[in-house]
Amino acid sequence: MNAIPEYAMGQRRSTYVPAATTLSLLLLFAVAAFGCWLVGTRSPDIGTDTQTYAGFFQGLNSSGVETRLEPGFVWLTYALWKLGVGVTGYQTALFAFMLGTIVIATRRYQDYLGETRGYLTFLGAALMLLYVSPMFVNATINAVRQGLAALLVFSSLLSFQRKRWASFVLLGALASSLHLSSLLYLVFAPVLLFGTKMQRLIAVIAFAAYVSGISMQAVRMLVPSLYELVMTYTATQYYRAGVRIDFAVFSFFWYCLPYVLGPLVRAEYRDRIKESAAVYLVMTLPFFGVGWGYFSNRYLLPAWLSVSLILAAMLVHSRLAPLRNPLLLRFGLLLSCAVFYYYVTNEILI
């Protein structure tokens with residue numbers, strides 16, 4: 001038998017794709033396609049802002065349209081309108097774009113953690129946790145513009161923490177072009193320059209100031225115009241304004257969790273995941289400052305979406321082998337599709 005030249009064997013090894021990788025890719029594409037179908041073909045009655053976005057899309061013409069919406073979102077919408085995709089195609093494309101921001105954020109986060117392998121497993125875990133999150137549903141059928149920007153804000157702040165200024169500016173600018181509220185989170189980025197003890201102190205002070213009503217009274221006395229703006233913007237009789245202790249406790253819980261469950265994470269990733277909790281903290285500070293108006297959960301949307309990525313990192317890097325088993329995670333990803341379907345069709349959201 002003739003020996004196979006070494007260079008030929010090397011070529012074969014370089015082009016070989018493991019079956020597990022192929023299976024992961026197929027599963028991820030299938031789950032993504034399911035989400036695009038579900039969100040893209042939803043009824044106009046599902047989602048409080050669905051008809052508004054559909055009306056904006058249908059109202060475009062060759063000369064564009066005057067609008068207060070952010071330029072990045074307008075350009076994206078106009079490009080899709082020029083392609084003639086229709087409302088269903090428009091909604092599908094927006095969800096596909098949101099999936100793209102998940103890919104960007106998980107790539108950035110994996111690089112931040114110093115991991116070079118197992119990206120598809122991490123992406124699948126993140127997508128699974130997002131699909132079972134009512135906050136993600138809110139981002140896909142209600143607060144669509146902010147949902148598109150949310151994980152780009154997370155990625156931008158990760159870059160700031162690593163002192164990658166160009167990436168911070170680029171991702172921050174892209175997020176802000178989709179939803180101007182992104183700037184609220186980016187202006188708090190210098191908090192990431194402090195040490196861990198100072199960041200914890202800031203977290204405790206911000207939480208205490210909010211739940212005690214001090215932050216609301218301080219804004220009311222020092223910046224009355226801002227107070228009036230927050231209290232009158234999108235005012236409605238169906239939503240309670242004022243201090244939301246439930247939102248505050250819920251949000252503070254997720255900041256503490258990486259520290260509490262740190263011993264269950266493998267040592268080489270434990271500190272990095274704890275450090276990323278500071279990025280989450282920065283994303284909650286706007287809420288602790290002015291989150292006493294109507295629809296105050298909107299201030300927390302980017303932070304709450306980032307929780308799924310942090311939890312995914314804790315899961316795939318857990319010291320408990322069953323929790324990071326790829327087969328178990330793939331099965332969980334499939335089940336999450338059923339949960340996502342139930343959430344969207346029944347408008348289950350926070």
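A salt bridge here is a side-chain nitrogen of Lys or Arg within 4 Å of a carboxyl oxygen of Asp or Glu. Side chains of opposite charge can pair when their charged atoms come close. This is a predicted model, where local features need pLDDT of at least 70, side-chain atom pairs count only at pLDDT 80 or more, and totals for chains, interfaces and linings use all residues. Residues are numbered from 1 along each chain as its sequence is written, and side-chain values use heavy atoms, with hydrogens and water left out.

**Salt bridges**

By this rule the count comes to 6 salt bridges.

| Pair | Closest N to O |
|---|---|
| Arginine 272 and glutamate 275 | 2.7 Å |
| Arginine 298 and aspartate 49 | 3.7 Å |

The pair of arginine 298 and aspartate 49 links distant parts of the chain, 249 residues apart. Arginine 298 sits in helix α16 (residues 297-316). Aspartate 49 sits in the loop between α2 (19-40) and α3 (50-58). Helices are DSSP runs (H or I, at least four residues), numbered from the N terminus.

Arginine 272 and glutamate 275 are 3 residues apart in helix α15, so about one helical turn separates them. Arginine 272 is partly exposed at 27%. Glutamate 275 is also partly exposed, at 33%.

Arginine 244 counts as buried, at 10%. Arginine 298 is partly exposed at 25%. Elsewhere, Asp111, Arg162 and Arg164 are linked in a network of salt bridges.

The buried residues of α12 are Ser215, Met216 and Val219. They fall within an arc of 105° seen down the helix axis, so they line one face of α12. The arc is that of the directions from the axis to the C-beta atoms. Their cover includes α11 (196-211), α13 and α15 (267-290); contact means heavy atoms within 4.5 Å.

The face of α12 turned away from the buried side carries exposed Ile214, Met221 and Leu222. Met221 and Leu222 also belong to a nonpolar surface patch of about 650 Å², together with Val223, Leu226, Leu229 and Tyr233. Such patches join nonpolar side chains (Val, Leu, Ile, Met, Phe, Trp, Tyr) within 5 Å, from residues with over 30% relative accessible area and no salt bridge. α12 (214-222) and α13 (224-232) each supply at least two patch residues. Leucine 226 lies in α13. At 32% relative accessibility, leucine 226 counts as partly exposed.

Conventions:
Patch = residues over 30% accessible without salt bridge, like charges linked within 9 Å, V, L, I, M, F, W, Y side chains within 5 Å. Areas by Shrake-Rupley, 256 points an atom, 1.4 Å probe, with all protein chains shown as cover. Buried < 20%, exposed > 50% of the residue type's maximum accessible area, 1.4 Å probe, protein only.
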